[in-house]
Amino acid sequence: MQNISNYIKATLFFDDFSEINVKKEQGFTLQQFNYECSRKRNNMGMPYGPTQTTVLKFLIKSLPDGYLKEVYKRLDENTDSSFSIVFNAAFRSDEYGETVLSDYDSALVATGFVIGINEAYSGMDTGLMITNVEFLTKKITYIGNGNYKENLFINF
């Protein structure tokens, strides 16, 4: 089983990657993402209380032929779901010839609700859709080396 380097810095998967075997073709290369977690501060500047509302925003490029229907489905539903962002993913071919995730540097799994989607067609030269997604987070799980996990619960 050979490792395949893809030189991708951040890959997005539509579920909690730690609970299922993810395949390379199920992932999307993140073009950009951002979020900011904050807490209230007292007069001395010391943080207190729960983490305040946090919106994760990410930008991906994809083919315009229905690859993102799962995102729209999540926007329409009123149930929480998860997205995984995996950093420096490495993939290998398994015994069935499928390319599956074999290693990564770190990751985060965001659980919450899709609250907004904005799409733009990137034009004739690439034929790709550029999609901005806004995701209201309920919990962020950071996964580091040795399967270290840290949960951050968010008050929204």
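This is a predicted model: local features need pLDDT of at least 70, side-chain atom pairs count only at pLDDT 80 or more; totals for chains, interfaces and linings use all residues.
Biologist: What makes F83 buried or exposed?

Modeller: F83 has a relative accessibility of 1%. This value is also under 20%, and F83 therefore counts as buried.

Biologist: How many aromatic pairs are there?

Modeller: The count comes to seven aromatic pairs. A pair requires ring centres within 6.5 Å.

Biologist: Why is the pair of F14 and F83 called edge-to-face?

Modeller: The ring centres of F14 and F83 are 5.6 Å apart, and their planes stand at 75°. The distance is within 6.5 Å, so the rings pair, and the angle is over 60 degrees, so the pair is edge-to-face.

Biologist: Which parts of the chain does this pair link?

Modeller: F14 belongs to the loop between β2 (10–13) and β3 (28–34), whereas F83 belongs to strand β7 (residues 81–87). The two residues are 69 residues apart, and their pair links distant parts of the chain.

Biologist: Why is the pair of F33 and F87 called tilted?

Modeller: The planes of these two rings are at 40°, with centres 5.9 Å apart.

Biologist: Which residues do ring pairs link into a cluster?

Modeller: The cluster consists of F14, F28, F58, F83 and F135.

Biologist: How do you know that the charged end of R74 sits over the ring of F83?

Modeller: The charged end of R74 is 4.7 Å from the centre of the ring of F83. The limit for that distance is 6 Å, and a further limit applies to the direction from the ring normal. The charged end of R74 is accordingly described as sitting over the ring of F83.

Biologist: How much space lies in the largest pocket?

Modeller: The largest pocket holds about 250 Å³ of space. It is lined by 15 residues, and those closest to its centre are F14, E25, Q26, G27 and F28. The elements β3 and β6 (55–62) each give two or more residues to the lining.

Biologist: How does the lining of the largest pocket divide into nonpolar, polar and charged residues?

Modeller: Eight residues of the lining are nonpolar, four are polar and three are charged.

Biologist: What makes K61 partly exposed?

Modeller: K61, found in strand β6, has a relative accessible area of 38%. That value is between 20% and 50%, so K61 is partly exposed.

Biologist: Which residues does K61 touch, not counting those up to four places away in sequence?

Modeller: K61 touches F28, T29, Q31, L128, M129 and I130. The C-alpha atoms of K61 and N132 are separated by 9.1 Å, although these residues are 71 residues apart along the chain.

Biologist: Why is K139 called partly exposed?

Modeller: K139, in strand β11 (residues 129–143), has a relative accessible area of 25%. Leaving aside neighbours within four places in sequence, K139 is in contact with V109, A110, T111, N151, L152 and F153.

Biologist: How many helices and strands are in the protein chain?

Modeller: The protein chain has one helix and twelve strands. From the N terminus, the order of elements is β-β-β-β-β-β-α-β-β-β-β-β-β. Of the 156 residues in the protein chain, 37% are buried.

Conventions: Residues are numbered from 1 along each chain as its sequence is written. Side-chain values use heavy atoms; hydrogens and water are left out. Rings of Phe, Tyr and Trp (its six-membered ring) pair if their centres lie within 6.5 Å; planes under 30 degrees apart count as stacked, over 60 as edge-to-face and the rest as tilted. Helices (H or I, at least four residues) and strands (E, at least two) are DSSP runs, numbered from the N terminus. Buried means under 20% relative accessible area, exposed over 50%, partly exposed in between (1.4 Å probe, protein chains only). A charge sits over a ring if NZ of Lys or CZ of Arg is within 6 Å of the ring centre and within 35 degrees of the ring normal. On a 1 Å grid over the protein atoms alone, a cavity is a set of points where a 1.4 Å probe fits but cannot get out, and a pocket is an open set with protein on both sides within 12 Å along at least five of seven lines; lining residues have an atom within 4 Å of a point. Grid points are joined across faces, edges and corners, and a volume is the space filled by probe spheres set on the points. Ala, Val, Leu, Ile, Met, Phe, Trp, Tyr, Cys and Pro count as nonpolar, Asp, Glu, Lys and Arg as charged, and the others, Gly among them, as polar. Contact means heavy atoms within 4.5 Å.
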